[in-house]
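Student: I would like to go through this model and test each label against its cut-off. Can we begin?

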Amino acid sequence: MTFESSPEKEVFLCERLLDQSQPIAERFRALFSLRNLKGAGPRNALICVFFIYFYAATRDSSNLLAHEAAFALGQMQDTEAAPALENILFDLSLHPIVRHEAAEALGAIGFESNVPVLKKSLESDPAPEVQETCQLAIRRIEEQKGIGDESKSAVEVGSPFMSIDPAKPASLSSSVDHLREVLLNEKNAMYERYAALFALRNHGGNGAVDAIVAALGARSALLRHEVAYVLGQLQDKAASVALSDVLRNMYEHPMVRHEAAEALGSIADNESVALLEEFAKDPEPIVSQSCEVALSMLEYERSGKSFEYFFMDTPQVH
């Protein structure tokens, strides 16, 4: 859902987003609000924020915020964001979670000219999670070839979840058992496993949730992080124990623990909230800040207020 913008709103949101003295949750409020304003102004403001973030003399310390900004640009599906995302993708000094999200955003935008860029990153980036994301993004763009805007929109609007997925869900005519087999088979291509994951999410039900939870044991950190994200979308309390185990695992990849924290915030039972409060002091900033944001969003929700400025609807967090 988008809202009318104004220069005053945009200036306020950009200043709040860039202000490192603000709590991380307040900066996320500004980021989400910018994403939900419509028109070229908010998009360009978010792109400018990226350049300021990455090329200022003093870099911002929040990899979590940077990765969420890249996610937002991808969800906006605006081709004008592509050059900024390309710069981010090839900056190996940035955390892999940020480069991964830039690659995914280029896939979400779906511009055919992004394919050579993604192929170059696939060959040159040392991080497995970035390489796998580039493979997914290339496949996503190739899947969209020959699909007109009207058909593409129908596919995305038809999803019960308001997010641009990195893979088109597999056919819902497939059984949960078959989709589980595809998802858990380590020999299958990542795109097919992602497609099965999103189909299971759209199926819903105990069997689908059990299959998704089982995928938290996958070898790929990228897949595990997407599994945790999907469990957050489903908000099924049956997943809280498994997600809690992920958050507690100090040896797990930060991007996976981050998604587990946000998923627990979506589930929001007493045990999940207590765990988020405990790990808001985690030594890994990506994890501690995720817990802070999740707790803040939950506090706004319980008070009946919008997390975004100007009473905007809450977008998907990644």
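What follows is a set of questions about labels, each answered from a value and its cut-off.

Tutor: Keep in mind that this is a predicted model. The chain comes to 17 helices and 0 strands. Of its 318 residues, 56% count as buried.

Student: Why is Asn114 called buried?

Tutor: Buried means under 20% relative accessible area. Asn114 has 1% relative accessibility, so Asn114 counts as buried.

Student: Where does Asn114 sit, and what does Asn114 touch?

Tutor: Asn114 lies in helix H7, residues 114-124. Leaving out residues up to four places away in sequence, Asn114 touches Ala82, Glu86, Leu106, Ile109 and Ile141.

Student: Why are H8 and H11 called roughly perpendicular?

Tutor: Angles of 65 to 115 degrees count as roughly perpendicular. H8 and helix H11 (residues 190-203) pack at about 75°. H8 and H11 are therefore roughly perpendicular to each other. Their axes are 9 Å apart.

Student: Which residues make that contact between H8 and H11?

Tutor: H8 brings Glu132, Leu136, Arg139, Arg140 and Glu143. H11 brings Met190, Tyr191, Glu192 and Tyr194. By class, the contact of H8 with H11 has 4 nonpolar, no polar and 5 charged residues.

Student: What makes H14 and H16 roughly parallel?

Tutor: The cut-off for roughly parallel is under 35 degrees. Helix H14 (residues 240-248) and helix H16 (residues 270-279) pack at an angle of about 10°. H14 and H16 are therefore roughly parallel to each other. Their axes lie 11 Å apart.

Student: What residues form the contact of H14 with H16?

Tutor: From H14 come Ser240, Ser244, Leu247 and Arg248. From H16 come Ser272, Leu275, Leu276 and Phe279. The classes in this contact of H14 with H16 are 4 nonpolar, 3 polar and 1 charged.

Student: Now Met250. Why does Met250 count as partly exposed?

Tutor: Buried means under 20%, exposed means over 50%, and partly exposed lies in between. Met250 has 45% relative accessibility, so Met250 counts as partly exposed. Met250 is found in the loop between H14 and helix H15 (254-267).

Student: How do you know that Met250 and Asp282 are in contact?

Tutor: Contact means heavy atoms within 4.5 Å. Met250 touches Asp282, along with Arg257, Phe279 and Pro283, not counting residues up to four places away in sequence. The C-alpha atoms of Met250 and Asp282 are separated by 9.2 Å. These two residues are 32 residues apart along the chain.

Student: What share of contacts in the chain join residues at least 24 apart?

Tutor: The share is 71%, among contacts between residues at least 6 apart in sequence.

Student: How many cavities of 30 Å³ or more does a search of the whole structure find?

Tutor: The search finds 2. The largest cavity has a volume of about 40 Å³.

Student: What makes a residue part of the lining of the largest cavity?

Tutor: A lining residue has an atom within 4 Å of a cavity point. The lining of the largest cavity is Glu104, Gly107, Ala108, Thr133, Leu136, Ala137, Arg140 and Pro166. By class, these divide into 4 nonpolar, 2 polar and 2 charged.

Student: Which helices each supply at least two residues of that lining?

Tutor: Helix H6 (96-109) and helix H8 (128-144) do. H8 gives the largest share, 4 residues.

Terms used:
Residues are numbered from 1 along each chain as its sequence is written. This is a predicted model: local features need pLDDT of at least 70, side-chain atom pairs count only at pLDDT 80 or more; totals for chains, interfaces and linings use all residues. Side-chain values use heavy atoms; hydrogens and water are left out. Axes are lines fitted to C-alpha atoms, for helices over the stretch in contact, and angles run from 0 to 180 degrees between N-to-C directions. Angles under 35 degrees count as roughly parallel, over 145 as roughly antiparallel, 65 to 115 as roughly perpendicular and the rest as oblique. Ala, Val, Leu, Ile, Met, Phe, Trp, Tyr, Cys and Pro count as nonpolar, Asp, Glu, Lys and Arg as charged, and the others, Gly among them, as polar. On a 1 Å grid over the protein atoms alone, a cavity is a set of points where a 1.4 Å probe fits but cannot get out, and a pocket is an open set with protein on both sides within 12 Å along at least five of seven lines; lining residues have an atom within 4 Å of a point. Grid points are joined across faces, edges and corners, and a volume is the space filled by probe spheres set on the points. Buried means under 20% relative accessible area, exposed over 50%, partly exposed in between (1.4 Å probe, protein chains only).
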